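Visitor: Could you take me through the ligand site and the backbone of this structure?

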Amino acid sequence: MTVICVAHLYPDYLNIYADRGNIAVLSRRAAWRGLELAVQAIEPGDLVEPGAFDLFYVGGGQDREQALVAADLAAKGEALRAAVSAGAALLAVCGGYQLLGRFYRDRDGVELPGAGVFPLHTIAGERRMIGDVLLECSLDGEPRTLAGFENHAGRTILDEGAEPLGRVIAGFGNDGESGYEGCRIGRALGTYLHGPLLPRNPWLADWLLAEATAHATGERPAFEPLPDELEATAHDVSAARARARGGRFR
Ligand code: GLN
């Protein structure tokens with residue numbers, strides 16, 4: 001059986017809006033495909049061997065929790081950049097996404113160092129950007145939608161030429177102005193979308209699993225579709241909420 005090695009960064013610090021639910025979805029969908037997910041928690045002080053993992057995951061968190069792990073994560077920057085450029089897959093959500101950029105400056109002006117994986121920086125604004133979000137996204141050339149929930153003070157600015165994860169159909173996205181959300185570098189994805197994200201966007205879970213399997217085995221599998229009726233309903237409900245009221249300051 002193929003084993004996919006997963007590094008779950010700071011599960012005890014960066015986990016809001018049930019972000020750890022994304023790991024549960026990846027584990028279950030992997031099992032339904034005859035794959036095994038071996039998940040290792042990486043906490044402050046733990047080392048990251050660049051070649052040891054096929055998939056990295058980090059969730060979101062309040063400024064307080066981000067401040068508790070930022071320096072440790074920044075010190076892992078070189079290993080994470082090496083892993084990503086060697087083709088490891090990665091999903092980073094909200095506060096974790098911000099800390100994988102160059103820095104996050106919080107509302108008090110305190111600058112938290114980032115790991116420098118994504119070509120971006122984040123500066124917190126006065127008003128929080130809260131609500132349902134709907135994106136148009138085409139990771140493999142086929143346009144699809146991503147639906148989720150955002151709650152962030154941070155405004156994320158992508159570097160010139162950086163690739164966003166998607167175009168905002170409804171919601172705030174990276175900064176409430178650019179019309180884009182998230183960032184992508186090859187198999188590494190960053191996003192503001194909580195929910196958790198993957199239960200209502202199973203195609204993205206399968207994309208991450210396929211990319212991680214390609215890293216583990218050298219071959220990208222073509223998964224058989226699963227009976228995702230419940231997931232499709234969850235997606236549609238979330239998408240309808242985003243269209244109805246996403247992207248408005250509360
Ligand atoms: N603390 C960060 C912000 O407010 C991230 C919040 C989050 O992860 N939801 O922007």
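Predicted model: local features only at pLDDT ≥ 70, side-chain atom pairs only at ≥ 80, totals over all residues.

Visitor: Which residues come nearest to the ligand?

Guide: There are 16 residues around the ligand, and Gly61, Asp63, Gln66, Cys94 and Gly154 come nearest.

Visitor: How much of the ligand does the protein cover?

Guide: The protein covers 100% of the 300 Å² of accessible area that the ligand has on its own. The ligand takes up the space of the largest cavity.

Visitor: Which element gives the largest share of the shell?

Guide: That is β8, with four residues. By type, the shell residues divide into four nonpolar, ten polar and two charged.

Visitor: Turning to the backbone, where is phi positive in a residue other than glycine?

Guide: Tyr17 is one of these, with phi near 50°; Cys94 is another, at about 45°. Most residues other than glycine have a negative phi.

Visitor: Are those two buried or exposed?

Guide: Cys94, in the loop between β4 and α4, is buried because its relative accessible area is 5%, under the 20% limit. Tyr17, in the loop between β1 and α1, counts as partly exposed at 35%.

Visitor: Where is there a cis peptide bond?

Guide: A cis peptide bond joins Gly195 and Pro196, with omega about 5°. Pro196 lies in the loop between β12 and α5.

How values were computed
Residues numbered from 1 in each chain as written. Heavy atoms only, no water. Near = heavy atom within 4 Å. Areas by Shrake-Rupley, 256 points an atom, 1.4 Å probe, with all protein chains shown as cover. 1 Å grid on protein atoms, 1.4 Å probe; cavity = no way out; pocket = protein on both sides within 12 Å on 5 of 7 lines; lining within 4 Å. Sits in = over half its atoms within 2 Å of the grid points. Helix = DSSP H or I, 4+ residues; strand = E, 2+ residues; numbered from the N terminus. Nonpolar A, V, L, I, M, F, W, Y, C, P; charged D, E, K, R; others polar. Buried < 20%, exposed > 50% of the residue type's maximum accessible area, 1.4 Å probe, protein only.
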